[in-house]
Amino acid sequence: MRRLAGFCAAALLGLALLTGCQAAPQGAGWSEEEPSGQLELNYATQFTVDEYPDGCRLVTIGGTDQYLVVPEGVSVPAGVPEEITVLQQPLDQIYLVATSAMDLFRSLDGLGSIRLSGTNADGWYIPEARQAMEAGDILYAGKYNAPDYELILSEGCDLAVESTMINHNPEVKEQLQRLGVPVLVERSSYEANPLGRMEWVKLYGVLLGREEEAATAFDQAAAAAEALASQPSAGKTVAFFYINSMGTVNVRKTGDYVAEMIRMAGGTYLPDQPEENANALSTMNMDMESFYQSVRDADVLIYNSTIDGGLDTLDQLLDKSPLLADFKAVQEGNVWCTGQNMFQESMALGDMVGEFHRIFTEEDPQGLAYLHRLT
């Protein structure tokens with residue numbers, strides 16, 4: 001039976017390679033279509049959504065990638081340009097690789113639309129996602145750079161939601177598209193404002209046909225961040241970083257949303273980079289000597305656990321670079337580490353700003369969900 005299932009999956013793979021996906025029924029001509037409005041966005045700058053009278057939505061991401069979301073029961077307009085990817089609803093067999101999007105789906109009660117994950121169950125710090133995988137409702141379909149194409153095809157995947165990491169493996173994106181699987185590369189990490197990142201929930205509301213629910217979810221999540229947006233200066237300089245396996249220090253750029261969260265919380269972000277470095281890319285690498293010169297007198301150090309795992313002690317930090325022992329924050333015991341949940345719980349950025357403010361202003365803050373002190 002298992003051999004037969006494997007044969008069927010292989011046959012599906014071969015058929016898709018030969019024929020691609022079948023075109024949806026054609027409706028009125030695209031050249032005759034005119035948008036009737038645009039989705040209201042207050043903070044997000046990395047996507048737009050044009051609204052059409054028949055319920056179609058034209059999503060533009062990063063100013064270049066375009067997707068036409070067509071409601072269930074509505075025909076695809078004839079003559080849609082080849083460069084526009086058509087997404088026919090319902091989208092309920094999604095392969096989710098961009099981990100930051102899971103919380104947005106959760107806030108829409110949309111986990112049922114996700115069938116495949118690029119992260120194993122033990123890699124999820126969102127309980128509902130882990131439970132769905134343990135129950136078999138969401139299946140592991142391989143990392144962004146090594147997807148299980150046969151499983152993706154056999155499950156009838158109707159959309160792959162990738163992070164910008166896929167740009168390092170363009171051949172994977174091309175193969176998925178060749179197999180008839182549309183690929184959406186989300187850019188929420190390029191938002192300069194944390195509220196802009198949370199506002200991406202409205203994009204997923206469009207994909208799932210839950211635009212009203214998305215607006216409500218955003219308004220509720222944004223309220224916490226907006227309440228903290230005008231915090232008075234805490235008089236603390238703050239660096240947010242991690243050290244890679246080559247001994248190079250990775251920091252957020254001044255235009256990144258994490259740097260903005262620190263400013264919202266009343267901190268002054270370091271290193272103070274020249275304006276030309278504040279481009280769309282969210283991070284940059286520094287050699288340890290340059291980092292030392294820029295950050296050694298910072299009042300607070302926050303170590304980013306996302307890439308190489310969390311730290312519990314100052315000794316673990318100093319194992320990465322003994323030079324850090326000279327830093328003011330290390331000597332004063334004001335070094336913190338993020339939890340692995342920080343970058344997965346995208347709708348809780350307002351709460352994270354609140355925790356930043358607490359470590360800047362309280363001697364011994366207790367009950368933190370996203371940060372812990374290194375001792």
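Contact means heavy atoms within 4.5 Å. The model is predicted, so local features need pLDDT of at least 70, side-chain atom pairs count only at pLDDT 80 or more, and totals for chains, interfaces and linings use all residues. Residues are numbered from 1 along each chain as its sequence is written, and side-chain values use heavy atoms, leaving out hydrogens and water.

Me: Which residues does S321 touch, leaving aside its neighbours within four places in sequence?
Reply: S321 is in contact with I243 and M288.

Me: Why is S321 called buried?
Reply: Buried means under 20% relative accessible area (exposed is over 50%, partly exposed in between; 1.4 Å probe, protein chains only). S321 has 8% relative accessibility, so S321 counts as buried.

Me: What makes helix 7 roughly antiparallel to helix 8?
Reply: Helix 7 (residues 201-208) and helix 8 (residues 211-228) pack at an angle of about 165°. Angles over 145 degrees count as roughly antiparallel (under 35 roughly parallel, 65 to 115 roughly perpendicular, the rest oblique). Therefore helix 7 is roughly antiparallel to helix 8. Angles run from 0 to 180 degrees between N-to-C directions, with axes fitted to C-alpha atoms over the stretch in contact. Helices are DSSP runs (H or I, at least four residues), numbered from the N terminus.

Me: Which residues make the contact of helix 7 with helix 8?
Reply: Helix 7 gives V201, K202, G205 and V206, and helix 8 gives E211, A214, A215 and F218.

Me: Which residues have the most contacts inside the largest nonpolar core?
Reply: They are F291, L301, L317 and F356, in a core of 97 residues. A nonpolar core is a set of buried Ala, Val, Leu, Ile, Met, Phe, Trp, Tyr and Cys residues joined through side-chain atoms within 4.5 Å.

Definitions and conventions:
Helices (H or I, at least four residues) and strands (E, at least two) are DSSP runs, numbered from the N terminus.
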